[in-house]
Every structure is written in C-alpha cells, then in structure tokens.
Amino acid sequence: MGTINTYTAYHATDSKKVESIMANGFTYNKYKYHWLGNGVYFFLDKRLAIKWGENHSIQYGAIDDCSIIKVILDVDDDDLCDMRMLDTYCYVKEKFDKYMEVIASCNIKFKEVTYKKYCQRVRCAFFDWLVKELNLKCIIAYFSERKDTLPTKADNEDLFAQFRMPYMEIQVCVSDTSCISFKEVV
C-alpha cells in the first residue's frame, strides 16, 4: 500500500438525483465517448463544476436544476493515475502506443462517423482498458481551457502572453467509488 492522496472535488448533477446519490452513492452508465473512460467525473475547481452543470452537453443527461456535490477522495498511490505528473504522463503515453499497436495488429476497427468521434472512442476504450490493466480507482488529467471557463478569451491570451502560463482545467474520473470518503451538497 502506498501513500494516500486526498482531494476535494466537485460533481455537477441534476437536483432530482441528489437525494439518491447522497443515500446510495454515485453510479454511472457505461458510455463509449468519455474523456478518461467510464466513471463518475469531478472537477477539482468548484467553479468548473458549476459551469459544466450550467452548460453541459445533453449527451450526459439533462440537468434542469443544477446541484453541486462536494466529495473527499482518498486514493492510494497504487490506485491512482495522476497524469499531471510527467513520469505518469510518459508512462501512459507508452501504454497508449503499445495499445494502438495491438489494435492495429488485430485489425480492430472503431466504426465511428467522424474522425473526432473515432478519437473519442479510442481514447475512452484505452482508458477503460488502462483502469482494468492497472486496477485503478481514479484518473486525474489536465485539459486545456474551454472558452466558457475564463471571463474572456482576450484575458487568457494576455495572461499567457505575459507569463506563458495557459489555464488548464483538471478533471477526475473515479471508476471505483470506494475512494469517496465524504460527500455533501454545497
């Protein structure tokens, strides 16, 4: 057993689902286009969870009245893939390259309508495989900023130009909810 990492994270959901989540825990439906594979998604930044809840894509289920659930995640190093760390990022890249070699050698085809959907499907399938291969409970990764996250694009460009520091959001995919030690509606 390794070091326990503790994170405060936020999940946006429809208010109608809050009572069930608080009583029974989080569940998720399997879907083939998730960013980091199948699981329950959280943000480490409450503001991003609120933004997602207000502006999410309908493909993940309708949110008529958004509620935010704050959780504490306690994840052992052995159960965590934190792609914010360069060594882990490089390790995942090596695993992905080998995964794609196997896909190519087996002549496996993902029949998607667009190249974007194809890339999303391959990414989701890879992370689902990685979770099983490494017995992971949680994956954390950076994603480049979205237009709706920052006040204006010009503000972001000015900050990047001045400091060379782009804004990156952090998403957490929890595939095994046993690492959630606390939850409350905020």
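This is a predicted model: local features need pLDDT of at least 70, side-chain atom pairs count only at pLDDT 80 or more; totals for chains, interfaces and linings use all residues.
The crossing of the two helices is right-handed. Two packed helices are described by the angle between their axes and the distance between the axes.

On the side of H3, the contact is formed by Tyr91, Val92, Lys95, Phe96, Tyr99 and Met100. H4 contributes Tyr118, Val122, Ala125, Phe126, Phe127, Trp129, Leu130, Glu133 and Leu134. By class, the residues of this contact comprise 13 nonpolar and two charged, with no polar residues.

Both helices also take part in the lining of the second largest pocket, where H3, H4 and strand E5 (138-144) each supply at least two residues. This pocket holds about 550 Å³ of space. Its lining consists of 20 residues, and those nearest the centre of the pocket are Met83, Tyr89, Val92, Arg123 and Phe127. Of these, Val92 and Phe127 also belong to the contact of H3 with H4. The lining of the second largest pocket divides into 17 nonpolar and three charged residues, and no polar residue is present.

Key: Residues are numbered from 1 along each chain as its sequence is written. Side-chain values use heavy atoms; hydrogens and water are left out. A crossing is left-handed if the near helix is turned anticlockwise from the far one by less than a right angle, and right-handed if clockwise. Helices (H or I, at least four residues) and strands (E, at least two) are DSSP runs, numbered from the N terminus. Contact means heavy atoms within 4.5 Å. Ala, Val, Leu, Ile, Met, Phe, Trp, Tyr, Cys and Pro count as nonpolar, Asp, Glu, Lys and Arg as charged, and the others, Gly among them, as polar. On a 1 Å grid over the protein atoms alone, a cavity is a set of points where a 1.4 Å probe fits but cannot get out, and a pocket is an open set with protein on both sides within 12 Å along at least five of seven lines; lining residues have an atom within 4 Å of a point. Grid points are joined across faces, edges and corners, and a volume is the space filled by probe spheres set on the points.
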